[in-house]
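User: Hi, I have a structure here that I'd like to go through with you. Could you take my questions one by one?

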Amino acid sequence: MEFLYISLLTLFVLLVSISLHFFYKSKSDPGVKLPPGKTGWPVVGESLEFLSTGWKGEPEKFIFDRMSKYSPQVFKTSLLGEKFLVFCGAAGNKFLFSNENKLVQAWWPSSVDKIFPSSNQNQSSSKEEAIKMRRMLPNFFKPEALRGYIGIMDQITERHFASGWDNKDEVVVFPLAKRFTFWLACRLFVSVEDPNHVDKFADPFDLLASGLISIPIDLPGTPFRRAIKASNYIRKELILIIKQRKIDLAEGKATPTQDILSHMLLTSDEDGKFMNELDIADKILGLLIGGHDTASSACTFIVKYLAELPEVYDKVYNEQMAIAKTKAPGELLNWDDIQKMKYSWNVACEVLRLAPPLQGGFREAISDFMYSGFSIPQGWKIYWSANSTHRNAEFFPEPLKFNPSRFEGSGPAPYTFVPFGGGPRMCPGKEYARLEILVFMYHVVKRFKWEKMIPEEKIIVNPMPIPEKGLPVRLYPHKA
């Protein structure tokens with residue numbers, strides 16, 4: 001089936017390449033000084049090389065090779081059928097994050113719009129959508145609001161480890177981490193916590209995530225077609241949950257503040273209009289993806305690095321056990337406990353630096369402007385790369401060395417550590433992710449030491465970094 005997909009993609013490229021080559025050539029303006037670079041073949045451009053460096057586990061190679069060859073500030077390329085400019089370094093990050101909705105706005109590939117069909121129904125701009133979404137989430141992702149979720153996170157994490165890790169000699173970490181973070185997201189966003197109900201969504205969500213950023217070829221067997229089918233299935237299930245929640249709210253069986261779903265159902269816009277069920281389903285779908293996919297990658301790599309670095313594991317273990325010893329039997333973690341996990345969070349940040357789940361982000365120029373002496377034309381797509389700073393010796397000396405002390409004191413310089421993006425579009429779930437990662441670390445080191453069963457397991461990035469075999473480890477429970 002994979003061979004069929006590649007063959008179809010190749011045929012598609014051959015059919016359109018010649019005509020589009022002349023079209024793009026005729027559209028170019030010789031008077032505009034664009035950033036240096038090359039765009040490769042029409043439609044495909046340099047997409048295959050961009051993706052293949054990730055499949056080989058070195059996504060930064062595509063960026064650094066071109067920074068060295070063309071410009072360390074900005075270069076042009078072509079990805080996903082679009083003309084792209086790649087902004088690099090802390091200066092590039094600062095410029096883009098500071099000019100959100102002024103010179104640039106959020107952009108996603110056409111595959112995203114087709115997988116989330118209601119997102120385009122009202123033809124609102126990404127600026128309006130971003131404002132609307134953040135208006136929907138004021139009470140759920142602020143640190144003070146998240147305090148009430150720590151106990152729930154602790155309970156579900158306890159259940160997760162009891163069912164998936166305890167009494168096991170060996171486990172495969174990545175599938176378990178995905179199940180853990182998805183269970184949390186289902187419980188906190190839509191109040192679904194029955195493991196059997198959660199499991200109904202698990203496989204479709206994997207298919208959806210795999211096809212979200214893909215070549216939008218809607219033919220049987222392609223990742224894009226599988227993602228559309230998975231999205232339709234999940235959306236139908238979510239609409240059933242939404243309809244039932246409406247009934248429960250009317251009958252007093254649910255509360256207006258119990259989760260994000262209730263808030264969306266009961267919050268109108270400035271014109272007094274409420275979102276329809278399909279729009280809510282799409283918004284929840286996006287939150288469930290964002291709420292579990294990236295954190296599952298982070299949790300997996302925390303286990304990987306703690307296995308490889310026993311001295312780091314020991315410091316995390318000592319910090320977490322100091323907290324565990326203060327807890328009475330059955331007593332849940334609280335906000336004060338989380339605030340004591342300073343070294344553990346430094347470790348998590350160093351993991352996010354070396355293996356950022358968010359490799360970068362997309363923007364679109366909404367007007368012509370100049371940057372670093374080059375013309376940036378309206379309509380061109382822009383990509384920023386976390387690795388252009390995270391693995392850059394200019395910003396992080398010995399960038400491949402695991403060193404949590406980088407995050408002590410004031411930490412890295414502004415705009416250099418960007419695992420959650422930045423500016424108005426910084427991930428609104430940053431604090432939520434911090435809590436679930438730290439609660440995970442508390443439970444895993446409190447229970448076990450472990451060792452990797454594949455010492456040199458390959459890492460692939462597609463689009464997030466994951467160990468090729470899911471990180472199988474051998475567990476060594478601590479003696480009571």
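User: Which residue stands opposite Lys-381 in β8?
Analyst: Phe-84 stands opposite Lys-381. Before we go on, please keep in mind that this is a predicted model, in which local features need pLDDT of at least 70 and side-chain atom pairs count only at pLDDT 80 or more, while totals for chains, interfaces and linings use all residues. Residues are numbered from 1 along each chain as its sequence is written, and side-chain values use heavy atoms, with hydrogens and water left out.

User: Which strands pair with β8, and in what sense?
Analyst: Strand β2 (residues 82–87) pairs with β8 in the parallel sense over 4 bridges, and strand β5 (residues 360–365) pairs with β8 in the antiparallel sense over 5 bridges. Two strands pair if DSSP finds at least two bridges between them, and strands are DSSP runs of E with at least two residues, whereas helices are runs of H or I with at least four, both numbered from the N terminus.

User: And what is the bridge partner of Glu-364 in β8?
Analyst: That partner is Lys-381.

User: How many residues of β8 are buried?
Analyst: In β8 (residues 381–385), 5 of 5 residues are buried, where buried means under 20% relative accessible area, exposed over 50% and partly exposed in between, with a 1.4 Å probe and protein chains only. Lys-381, Tyr-383 and Ser-385 lie on one side, with Ile-382 and Trp-384 on the other.

User: New topic: where is Ser-47, and why does Ser-47 count as buried or exposed?
Analyst: Ser-47 is in helix α2 (residues 47–55), and Ser-47 counts as buried because its relative accessibility is 4%.
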